[in-house]
Amino acid sequence: MRPLKALINLDNAKHNLNYVRSLAPSSKIMATLKANAYGHGLTLMAGAFNEADAFSVLTIEDAIELREAGFDKKILLLEGAFDEEDLKIAAAYHFNLVVHNDYQLALIRQLPHDKQIDIHLKINTGMNRLGFSINAVNKVYKQLKNDVRINEIVFMSHFANADKTNGTDGQYQEIEKLMNDFNEPFSIANSAALISDNKTHADWVRPGIMLYGATPFDFSQKIPDLKPVMTLRSEVISIQEIKKGQGVGYGEDFIADKDMRIATVACGYADGYPRHAPTGTPVVIDGIKTKTVGRVSMDMLAVDITDLGNVNYGSMVELWGEQLSVDEVANNAKTVGYELLCAISSASRVPIDINYG
Ligand SMILES: *Cc1c(COP(=O)(O)O)cnc(C)c1O
């Protein structure tokens with residue numbers, strides 16, 4: 001069997017959730033499980049985060065999968081119902097809906113009279129992506145509050161700059177001011193705000209990336225209390241001895257400036273490894289950190305093992321994980337850990353397995 005696997009450390013996931021709890025002890029926790037739990041496997045991670053107070057997902061299909069797997073807690077659809085069918089299913093399965101625009105407000109009116117639903121009312125405080133403007137809130141709230149089919153209303157907003165110094169201040173002031181006028185719970189903190197700004201925790205925190213052990217900040221800002229959950233592991237499938245002046249891979253992007261030993265690893269961009277990761281991107285072979293050379297292929301990549309002793313067919317390769325942070329690899333590829341982790345899930349040919357150590 002092809003050796004590439006995404007190994008999931010469930011203990012580390014639980015540790016990260018406990019860390020969230022310790023940072024925000026008075027808030028309820030909504031664990032973010034969108035994008036197949038950031039590439040880690042939806043139901044697997046729901047199990048690991050079962051101590052959270054609620055889950056959030058993007059699609060109705062994911063929400064159904066969780067319910068049918070037996071998770072009976074609150075499940076929030078982060079962009080609400082996309083159409084009438086979603087609304088019906090959400091009511092039947094007791095999903096919570098974000099309501100972020102007039103279309104969804106009108107849709108809610110079509111809910112059968114014997115149905116009840118909890119909603120998150122999304123307010124635009126500066127992200128300018130989803131949500132009602134602050135001026136519209138009063139009117140929207142009245143409609144919802146007077147509707148007997150609406151149970152709980154949680155106000156919700158999202159930060160644009162929570163990863164920057166003092167980046168939460170402006171939007172937090174907006175929502176705080178607003179909440180003085182409404183006696184309802186509210187939620188705004190993502191991972192970055194959760195870690196960096198206690199005042200934003202409010203009634204619900206919504207951690208995503210930190211639960212998976214990657215940083216929401218610049219990669220150099222390590223968070224020692226977080227432990228990586230996914231280890232992307234493969235093996236060496238070929239070794240090439242090359243002479244000074246010879247190239248490696250497509251386009252001969254890399255030319256050896258000395259005689260070298262090159263290991264070919266079973267992992268490529270069709271698996272979700274970033275094609276734009278340049279020569280020099282870190283990778284670990286048999287516990288030793290070395291680097292990629294040349295262009296990443298669809299199914300393989302090349303690694304410099306010139307200075308590594310005993311590398312053979314089958315030597316163990318860590319693309320990222322417990323020995324090499326996904327944030328460091330992402331930084332080399334000029335992206336963020338979020339994108340690399342999620343790419344593993346959209347590249348469905350990487351099997352997910354539990355890491356038994
Ligand atoms: C994805 C998402 C989160 C989690 O963000 P992280 O940066 O991963 O912590 C929180 N809230 C909303 C609305 C989201 O879409």
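Start at Tyr 250, in the loop between strand 11 (247-248) and strand 12 (254-255). Helices (H or I, at least four residues) and strands (E, at least two) are DSSP runs, numbered from the N terminus. This is a predicted model, in which local features need pLDDT of at least 70, side-chain atom pairs count only at pLDDT 80 or more, and totals for chains, interfaces and linings use all residues. Residues are numbered from 1 along each chain as its sequence is written, and side-chain values use heavy atoms, with hydrogens and water left out.

**Stop 1**

The scale is: buried under 20% relative accessible area, exposed over 50%, partly exposed in between (1.4 Å probe, protein chains only). Show Arg 295 and Ser 297, the contacts of Tyr 250 once neighbours within four places in sequence are set aside. Contact means heavy atoms within 4.5 Å.

An unreviewed UniProt entry lists Lys 34 and Tyr 250 under "active site". The two are spread over 217 residues of sequence and up to 34.8 Å in space between C-alpha atoms. Of these residues, the lining of the largest pocket includes Lys 34. UniProt positions follow the numbering used here, feature names are shortened, and annotations may be inferred rather than shown by experiment. A pocket is found on a 1 Å grid over the protein atoms alone: an open set of points with protein on both sides within 12 Å along at least five of seven lines, its lining residues having an atom within 4 Å of a point.

Zoom to Lys 34, in helix 2 (residues 34-38). Lys 34 is partly exposed, at 32% relative accessible area. Beyond four places in sequence, Lys 34 touches Ser 56, Val 57, Leu 58 and Leu 78.

**Stop 1: the two domains**

Colour 10-212 as domain 1 and 230-354 as domain 2. These bounds come from an automatic or database domain assignment. The C-alpha centres of the two domains lie 37 Å apart.

**Stop 2**

Two strands pair if DSSP finds at least two bridges between them. Strand 7 (residues 150-156) and strand 8 (residues 186-189) are joined by 2 bridges.

Next, helix 5 (residues 84-93). Its buried residues are Asp 86, Leu 87, Ile 89, Ala 90 and Ala 91. Their cover includes helix 4 (60-68), strand 4 (74-77), strand 5 (96-99), helix 6 (102-108) and strand 6 (117-122). His 94 follows helix 5, with a positive phi near 60°.

**Stop 3: strand 13**

Move to strand 13 (residues 260-265). Here 5 of the 6 residues are buried, so strand 13 is largely enclosed by the rest of the structure. Strand 10 runs antiparallel to strand 13, with 6 bridges. Ile 242 has Met 260 of strand 13 as its bridge partner. Strand 16 (residues 301-304) is also antiparallel to strand 13, through 4 bridges. Find Ile 262 opposite Asp 304 of strand 16.

**Stop 4: helix 11**

Finish on helix 11 (residues 337-346), where Gly 337, Leu 340, Leu 341, Ala 343 and Ile 344 are buried. Look down the axis: the buried residues of helix 11 fall within an arc of 155°, so they line one face. The arc is taken from the directions from the helix axis to the C-beta atoms. These buried residues pack against strand 1 (5-8), helix 2, strand 10 (230-242), strand 17 (316-320) and helix 10 (326-332).

Note on methods. On a 1 Å grid over the protein atoms alone, a cavity is a set of points where a 1.4 Å probe fits but cannot get out, and a pocket is an open set with protein on both sides within 12 Å along at least five of seven lines; lining residues have an atom within 4 Å of a point.
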